[in-house]
Amino acid sequence: MLDLLLRVERTISSLALYLAVLMLVCSVSLGFYQVLTRFVFDAPSTWSEVMARSTMIWCVFLGAAACFRGGYMMAVEAIYKLVPRPGLKVLEVFIAGSCLIVLAILLYYGIQMTLRVRSQALSGVGISIAWIYMAIPVGAAFSLVAVVARLLAQLAGREEIGATDAEVEAAAPDAVVPSVPRGETGSEAQVGRERR
């Protein structure tokens with residue numbers, strides 16, 4: 001059952017990430033088009049700024065699912081370092097629970113807002129503004145699935161809880177790292193150490 005959930009979540013999170021990248025490309029392209037029409041052709045477009053902003057909103061809410069899945073929005077390294085190893089599961093449950101509460105609120109009120117504004121039109125484009133507000137509940141739904149899958153994978157022991165070694169090294173740039181003499185590559189330095 002967990003395998004099926006993780007496979008479905010991986011597909012959903014990948015879809016959300018690809019759509020977020022597509023929305024980012026659209027937003028940047030529309031922003032470039034807006035600058036081009038305004039400053040080069042001196043005939044500003046009436047719709048590109050609105051659509052650039054709208055695609056950026058979709059990009060953020062869809063990209064949030066991938067961030068939640070990777071734990072990038074939930075990790076506070078200082079807390080992970082303070083909590084003893086046995087308490088990390090409790091910490092992850094607390095973090096996931098807090099995220100689930102916020103995402104459930106976003107989902108509920110996002111649906112309410114989307115329904116409330118469905119009769120309003122987006123200026124310069126003529127489509128319902130509900131299409132833009134729909135990014136909130138859709139992104140929250142993707143993120144809910146990602147948070148639940150991450151927590152279940154961690155509790156089942158399939159994913160590491162807390163900071164990985166690579167994250168600790170990246171977070172602590174002052175850590176003592178063996179130095180390589182100037183002008184030597186890593187393998188040359190290794191040979192030099194072996195000779196000494």
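**Aromatic pairs, a helix and a loop arginine**

Search the whole structure and you get two aromatic pairs (rings of Phe, Tyr and Trp, the last by its six-membered ring, with centres within 6.5 Å; planes under 30 degrees apart are stacked, over 60 edge-to-face, the rest tilted). Tyrosine 33 and tryptophan 47 make a tilted one, with 5.6 Å from centre to centre and 35° between the planes. This pair links distant parts of the chain, 14 residues apart: tyrosine 33 sits in helix 1 (residues 2-40) and tryptophan 47 in the loop between helix 1 and helix 2. Helices here are DSSP runs of H or I, at least four residues long, numbered from the N terminus. Tyrosine 33 is partly exposed because its relative accessibility is 35% (buried is under 20%, exposed over 50%, partly exposed in between, with a 1.4 Å probe and protein chains only).

Then there are tyrosine 108 and tyrosine 109, whose ring centres are 5.0 Å apart with planes at 85°, so this pair is edge-to-face. Tyrosine 108 is partly exposed at 48%, while tyrosine 109 is exposed at 52%.

All of this comes from a predicted model, where local features need pLDDT of at least 70 and side-chain atom pairs 80 or more, while totals for chains, interfaces and linings use all residues. Residues count from 1 along each chain as its sequence is written, and side-chain values use heavy atoms, leaving out hydrogens and water.

Just after helix 2 (residues 48-70), glycine 71 takes a positive phi of about 80°. Further on, arginine 85 lies in the loop between helix 3 (77-82) and helix 4 (88-116). Arginine 85 is exposed, at 54% relative accessibility. Leaving aside residues up to four places away in sequence, arginine 85 touches Glu160 and Ile161 (contact means heavy atoms within 4.5 Å).

How values were computed. Helix = DSSP H or I, 4+ residues; strand = E, 2+ residues; numbered from the N terminus. Expected span 1.5 Å × (residues − 1).
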